[in-house]
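Here are my notes on this one, from the ligand site to the aromatic rings. Have the structure open while you read.

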Amino acid sequence: MVGYQVYVLSFADSSGDGIGDLAGITQRLEHIAWLGADIVWLNPFYPSPGRDHGYDVSDYCAVDPKHGSMEDFREFADKAHSLGLAVVVDVVPNHTSSDHPWFQESRDPNSPKRDWYIWRDPAPDGGPPNNWVAHFGGPAWTLDEASGQYWCHLFLPEQPDLNWRNEEVQQAFDDIFRFWCEMGVDGFRLDVAHALMKHPDFPDNPVISEPQPGMGARDIFWCYEHRHDLDQDDNVQIFRRWHEAVAPYNALLLGEIFVTEGHRFARYVSEGALDAAFHLPPMWANWQPAQLVREILDLCEHAPEEVSWILSNHDGSRPVSRFGGGERGVRRAFAVTTAMSALGGLPFIFQGEELGLPDSEIAADDLSDPQATRNEGKESRDVCRTPMPWDSSHINGFTTAPKAWLPAPPRPPELTVEGQMANPDSPIFAYRNLIHLRKTHPEIWNTPLDKAEALEPEVLQVSRGNIRLVANLSPNPFTATLNTPATPIFTSSCIAGEDVENKQAGTTHQIPPETSVIFQTAT
Ligand code: TEU
């Protein structure tokens, strides 16, 4: 399957208030079906004060009125299913909103919910219990004056972390999974699933390098080795429990997992745990093809069928911009996406990727992402969260409101869906053709991986059954010599209006720079 990620706030606004909603998505589902995707993943649409744009949930089993109603969700899911699209919703198990009634109760030290969150006494000097830092800046602990204890939050103070060692918390999430399965969802994307369990003793994390003044929150976060707050071995027990909870519904468990080593990743997607997990580093990296090839090989060795390959999501700069911008950025991004489509697993694209969109420019006053507003505008995730450009009308057809919730300069006609549909050489057709190739040639993904290797540091070759992929991510042409004659069936350079030079079967093929070619052998 191929997934398509919809950022609910910015896909389509049917109510005219400038905020994306479920009914708007329902009206636009044909676009996703036309591309050929099989799954639609929705970012959180649950009631939320919106401090982290929906990742601070105050009720897991309802729809935020700004995004519509439960009836709208049913209509969305029914239409998605009628178009052959499976529905994946986002579950945020690591933390709730501080507005969630569970946390409100937990603030009382005598409440039965006290242990649902992570409360600790101050360090002997009165400061935070340990040196953990939050992803968005500052310590991972905030003092509750009333009780004299600190609560733990790996993200905002308004996103208190749940205590996953508490059985009742685990039961509460079993119920949440069942609720949405009963509502007809087909799977779950599991937010920061590698962070659920913390070391039971809460030791300090080792310091890799001292944080320096002026560093952004993310850079400060990576000054520490996250030995005790992330990637604890017993996360897998939770995943096994979830697996049992959703087994009667055969629902997909897709983790947002951040681990850099393939063998750690493999544990999370082992039999009876998660079905698949995102490999996140490519959505932050600039153009570093050798590193990308190394990471792909590591994962192909340890989890060849369980990786959800992505180049972007709602958490960072778009690949076209990270990869040099303009036509070059588009070409590089599509070369990688083409390679990823032949790696097995479950590739996803993020709304607008199919248009080759670069980042939006956001005026300093309009920044909305807490990662940016708390960090003097640094590390903004807003750049990829602006309205989907449908056409060249007011706010690119996203809303009839005078202003979108996240204002940005309008996209030119050639970067809109309508503009690209009128031009068969535009990126939208290249993405569609690639996705459809997986349908006409299912052996691209359904035959076991035979071999993945680096022919040069920036050249990846993958063999599976009668399929060969050569991803030449280097700046030079590459002469591929295959062990058996093969015919090119797809080249990523189609996104630049180029075709393969020689469509004949042969063992030797010229691959242009920054181009991935998929071949089929005769047998
Ligand atoms: O993102 C998690 C996140 O910030 C990771 O990229 C993190 O840096 C990495 O996993 C290391 O731990 C998710 C959501 O996608 C994001 O939008 C939310 O802000 C965040 O969780 C908090 O819910």
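**Notes on the ligand site and ring pairs**

1. The largest cavity is the space taken by the ligand (cavity: on a 1 Å grid over the protein atoms alone, a set of points where a 1.4 Å probe fits but cannot get out). Bear in mind that this is a predicted model, where local features need pLDDT of at least 70, side-chain atom pairs count only at pLDDT 80 or more, and totals for chains, interfaces and linings use all residues. Numbering runs from 1 along each chain as its sequence is written, and side-chain values use heavy atoms, without hydrogens and water.

2. Around the ligand sit 20 residues, with Asp52, His95, His135, Asp191 and Asp315 the closest (a heavy atom within 4 Å). By class, eight are nonpolar, four polar and eight charged.

3. Ligand oxygen atoms lie 2.9 Å from a side-chain N or O atom of histidine 194, 2.9 Å from one of histidine 314 and 3.0 Å from a polar side-chain atom of arginine 189. The protein covers 99% of the 510 Å² of accessible area that the ligand has on its own (Shrake-Rupley, 1.4 Å probe).

4. The whole structure holds 37 aromatic pairs (ring centres within 6.5 Å).

Note on methods. A polar contact is a pair of N or O atoms within 3.5 Å; within protein, one must be able to donate a hydrogen and the other to accept it, and residues adjacent in sequence count only if both atoms are side-chain atoms. On a 1 Å grid over the protein atoms alone, a cavity is a set of points where a 1.4 Å probe fits but cannot get out, and a pocket is an open set with protein on both sides within 12 Å along at least five of seven lines; lining residues have an atom within 4 Å of a point. A molecule sits in a cavity or pocket if more than half of its atoms lie within 2 Å of its grid points. Ala, Val, Leu, Ile, Met, Phe, Trp, Tyr, Cys and Pro count as nonpolar, Asp, Glu, Lys and Arg as charged, and the others, Gly among them, as polar. Rings of Phe, Tyr and Trp (its six-membered ring) pair if their centres lie within 6.5 Å; planes under 30 degrees apart count as stacked, over 60 as edge-to-face and the rest as tilted.
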